[in-house]
Structure formats: C-alpha cells, structure tokens
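Hi,

Here is the structure I promised to pass on.

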Amino acid sequence: MRADGTAPGRPAPGGPDPGDVLRGCARDVLEIAEGIRAVSERTATTLSAPDLTAATRRHPRTGPAGYWALLRALTARPGLAGTEPRGGLTRARHLAGRTRGTANLAALVALTSLRLRVTAVLTDHPELARTPGMRLLDRALTAGRDEDAVRALRALLRDRTAQRALSGLAPLISELLAVRALLDGQPEGGGTPEGGAEPVDLTDQRRRIMATEGSLLGFLRNIEALSTDGRILVQNVRGPDGVVRYVVQAPGTAPGRPRADAPQDLVGAWRDLCATDSPYTRSLAHALAVHGIPRGAELALIGHGEGGNAVLNLAQDEDFCRTYRVTHAIAVGSPSGDRKPADPRTWIATVTNQYDLVAAPDGHRTDPAAPPADPADTTRYRLEYAGPTREFPLCHRLREYIEHLRTLLPAARADLDEALAPYRGPVVRTQAYRLTDHAHPPAGHPFLTLATAPVRTTVGPVDVPVRYYDSAAAHLCFPVDPAAARSLLPDADWLTPSRLGPRALAVLSVHEHRCTTIGPYTEIALSVLVDDLWRPRRYDAVTDLLRRVDLRRTGRYVLSLAVTTEAARVVAQEVWGQPVLRMRAEADLTGREIRARSEDLGLVVEGRLGPGVRCPDADRALYGRRGTGTVRTLVRAHGWLRLHPGAGVRVRLDTAAAEPLAGQLRRLGIDAARPLFVLACPQFMAHRGGGAELAR
C-alpha cells in the first residue's frame, strides 16, 4: 500500500493510469522500430542498386569506402539488419553477420516495446502471470542478453505448439503479430490461405436446442451450442414479407484448445486481425457456396470472437459482396476497429465488454468508445459497456454476453432485434458445416491423429482418448516401506505393491497440461507401483520396462489425484475411476529449475534437476477403482523423458496441509524427503484412453 492509500499498480487519485502510460510508450517504441526497419529496407535497396555499383567502379578511391559504410550500417553489431539484401557480396556478408549473432536493431527495439506491453497487461490483469503462455513468453523475453531474447522469441513464435499456449494472451496478439514481422523481416503469413467446408449433421440433442425463430438471442444461443470445435451454422429464415434470407453464425476459438485441421486457432486469429483473406474467412465463403445460396440473396453475418473477425472480413470482401447482398454484420466480443464494408448499405454492429481482452487487443479500455465521426451514419451501431464480470476469460464467454444483453442491456437488444426485423420469422432449414484448413496438418499429427469416441459424463460428452498436445511432467520417485504402501491400497488381496529389493516405489507426479482436448489444467498425483493383479511375479516391474505399455502386467495405482479444473475432475473420476479433488495449483516444469505449488494442498515441490540420461518412453498403465471393479487406463506419450538424480529436488508439506494427499505423504514418509530419482519431460504429447473395468 502506498502512502496515499492506493494499491501498487493502481493509479493515484487524479493521476494517469500506469497501464495506459506503458501502452503509450510501447506504441511509440514500436513506431521507432518500424521506422528503423524502413531505413534498413531502403539501405538494402540502395546497396543492390545498379547505379551505386557503377558509381563505385567509376570512383575507386571514394566509392568502395561509401559502399562499405552502408554495408557496415546494415550488418555490423548492432546494425540495421532488417532485411536480407540482394546480391552475392551483400548476401554473404549478411549471412556471416547472422552466423556470429549480429543484432537486428529493429528487433531489439521491438523487443523493448513488447516488454512494455507485457508489463502494462500484467498491471491490469495480474492473474495472467500464472498462465503457461505468459511464463513461456517471460522466459523468452528475459533470456540472457537481448540478442538471446530475440532468438528465443523468434523460436517461440514459430513453434505452433507454443502458440496454443500463447493463445490465452489475447491482449498481446496484435503486438506479437507486429513484433513477429520485425523479427522475421517479413509480415505474418504468406501465400494464399487455404480453407474449405463440408456439411455435417447435428446430434439430436443439439438440433433440439437450435432456434426455430429468427432473433438476435436465438442466433447467439445457436453459436454457443455449436461450441468451438470447428463448425459454423447457416440457417434459412422466412421473413415477415415471405422472402427467404440466410443467417451465417460463426463461433470463436477457445484459448489453448487445439483445432485439429480447422482454421479456428491462434494463427488464424492473427490473420483475421491483419488481413481480410484468412483461412477462417475463406472457409465461411466455401460453406455458403456449398449451401447453395442463390446469387444476390440477402445475408446476415453474426459471429463471436474470432468468428466476429471473420464475418467482418467477409463484409469487406468486394467479390463476396458482389455475389451476395450482405445486409447485416454483427460481431460480439471482437476487435472492431474502423472497418468499412465493401457495400456501403451493410449495417455493421459491434458489441464489446470493456473488460474483454479479446475485444480490446490494444489494452484495457475504460472510456466508452467514441461515436462515429458522422452522427447521421445509420449503418454503424457500436455498443461498448462495462459488464459486471471483469475476470478474463470469463468476460469473453458468449454466455456472459447473452446474459448481459438479456438482463442489463434490454434497450440495446431491442435496437439490434429491430435492425434484424427482416430475419424475424420461422427457420425453414438449418445446416452445420465443419471448416477445414488444408494449409497445415492436424495438430499433433501423426501421433495424435487417431479415432475417438464420445463418452457421456456429467459435464457433457468427452472424446476419448483424451489428447494432450502440449504438456510437461516431473515424476518424483521415492522408495517407501511396502507395509505403509499396502495400507493405503484398497482392501483387496490382488493389489500388492511391487518390490524393488526390500522397498516399494511411490511416485509423486506433477503435470502441467498447457493444451488438451478438455482444456488446460495442472495435475498432481500420488501413486504406488503394483504387481500383476492375477499372477504377480518377482521383478515384473523391471522386466515390464522391456514390454509395450499395452502388454505390461504391472502399473501404478493412483492413491490421490488433484486437478485444477472441473472438467478434468469429472473425467478423472467418471472415465478413469481415480480418487480426485479440485484445487488451485501452479507449476513450471519446462526448465532445469522445476517448481510446483498448491496452497490448497499445502504442498511445494521445487529444486534443480542435475545431469540426466535419456529414457525409452513415458508410457504407463494406471489403475483406479469404480465400485467393486478395478479400472485400467493406458497412457501413451511422445517426448524426451530423462532420468535425473533426485538430490536437488525437495518436497515440502505444510503442517496444516489438506487431506487426503497430505496424510498419505506422511504415512509413506515422503512429506519432507528428497526423491531417489526424477523422471522429467519438459514437453511431450500424450493420449489417455478410456478406463477398462476389470473384474478384480
């Protein structure tokens, strides 16, 4: 608390907002970086100009000196180095400079701008500091020297796996896009974006909840029901005048969730922000062509989040607007900017919550949006309000927008419904389309390209196997007393701890799942290695390491499991039969220093990993209980698992730690112990199948 009674990070009475000041500085610095890059491009063009080469030959005393001065300005340390110059000599000099680590001056300045923007975002939203994406970004920005930070950031932005973790940093998308252009020397994207669409049938359950009458809330509820799994909806509506019109409804994207081969991902969101010809936009146009809409028919385009960007892009496409008559384009929770439709008759509406970071990529907005420059302009409707929900990403959810329009903004809802009056009528056809993006292989291909099947749970159907696209893990292995381990297992004769000599083996596992099909979450599990349930043999735990995971007789029985999300809790309990509770936790397992902390559990795991050796694989078989049966689950993993000595890692447990995990750790004697060894994997993919119930 400051002397004036205000909290750190908050503006003093009558003073400027710290976040706004930092964002203003970041914009100024980024303009300087773009100016440096422009000078670099002009210098490179001058070096490759035939007139300069000819002048250098005509003036052998002064010409080479001037040429060399320009070349050094472009390639020396630190130099402009913004673009790769053309020509043999200059290109060789450029490559030599890159080999020895010559700094790109524009990139270094842009890095400063990004650091300012990150600080501004964390000032307004300190909760983002705990997200996996922010940790990855912070590690890149603080890597050694500035030149090392530029290299780390460039590698991070080119890694599609890391981009899924970065997708939760919505307010930084536009800044990351601009910085990437300066880092790579060319703008994001390239070539013609690909996109396609194919009709799919809705399930009976989803079809029953689709709107049968045209209305704003009905269309938005349709988008919410579609979820964010790569589908859009096209409905034919018979208006009050008897004319059939068409409504396109486009969902957004969920942070961190993989999109397989659909265009609804972080890369697509970047393209939607900076170009009208993106994979998502092109896929929407394909869907309308497949739907069979006649030329000149009237359309209304409605989207949320990234879907809102896509429909606004369609409204700007001149070819599309010559084919169809776009009457309305409504974007909810999307950055609107000053977009002008190709058809001046198109009615553009944007609905944004001031605290929605996706809708305000340039930072936190506290003042209402400025009205249109022309008050007589009746083709643009802009609604910006301060909703009661400020926490991100809750304030971006379409369900929140629907509830606000229904209860807090009835006048605005009436205005939007009045504008959509030609579409207020019965729905005569409903067709869903799955969007495809052929420019990239499916996420996790080929390891995670496998057949799935839905399994019913209390939180809805879950596709099994559950796929983990980007995870990190640390398994702390402790030798424990076999009698203590047996006392924690269920009262069944066939569940016996495996012995490695005179001791049993307990494993405390910490997982940081950054991108999965059930959402990102952190997991802490305590398990005990157990023998074959039917014919236990000595040293099976050792010989099983030579077998495939599906042929192993031994496995790890999960004594306690703690996860950070409700979806993960339900799946672990109902699909895998594991004793699970929900808690708050943070983990950082991607470096040599590993840390995991849970205040709810009173547990801290931290330390430095020593030298390690490569292990064959990280596949495992896990056991749980459901009723009177034992549930066996297979986990297949693909990553670099390494074996480290456990001397540098320690487990600490508070005296008031929560049960049951704390009590089990104490009974095993590992509440304040160091592990014998640690199996660590800073990045891997995995898929976990459904639990097979055994009659034991």
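This is a predicted model: local features need pLDDT of at least 70, side-chain atom pairs count only at pLDDT 80 or more; totals for chains, interfaces and linings use all residues.

Residues are numbered from 1 along each chain as its sequence is written, and side-chain values use heavy atoms, with hydrogens and water left out.

The protein chain has 21 helices and 26 strands; these are DSSP runs numbered from the N terminus, helices being H or I with at least four residues and strands E with at least two. Of its 696 residues, 53% are buried (under 20% relative accessible area with a 1.4 Å probe, protein chains only). Take the contacts (heavy atoms within 4.5 Å) between residues at least 6 apart in sequence: 72% of them join residues at least 24 apart.

Now the sheet. Eight strands form an open sheet in the order S1-S8-S2-S3-S4-S5-S6-S7, with mixed pairing (two strands pair if DSSP finds at least two bridges between them). Its edge strands, S1 (196–200) and S7 (380–385), each pair on one side only.

S4 is worth a look. Six of its seven residues are buried, so S4 is largely enclosed by the rest of the structure. It runs parallel to S3, joined by five bridges, and Ala 250 has Gly 303 in S4 as its bridge partner. With S5, S4 pairs in the parallel sense over seven bridges, and there His 304 is partnered by Val 332 in S5. Val 332 also has a bridge partner in S6, namely Val 351. S5 and S6 run parallel too, with five bridges. Helix H14 (residues 306–316) packs on the sheet, touching S3, S4, S5 and S6, and its direction makes about 150° with that of S4 (angles run from 0 to 180 degrees between N-to-C directions, with axes fitted to C-alpha atoms, for helices over the stretch in contact).

Finally, the second largest pocket has a volume of about 700 Å³. Of the 25 residues that line it, Leu 505, Ala 541, Leu 545, Arg 552 and Leu 679 are the closest to its centre. A pocket here is an open set of points on a 1 Å grid over the protein atoms alone, where a 1.4 Å probe fits, with protein on both sides within 12 Å along at least five of seven lines; lining residues have an atom within 4 Å of a point. Volume is the space filled by probe spheres set on the points, which are joined across faces, edges and corners.

Cheers

Notes. Buried means under 20% relative accessible area, exposed over 50%, partly exposed in between (1.4 Å probe, protein chains only).
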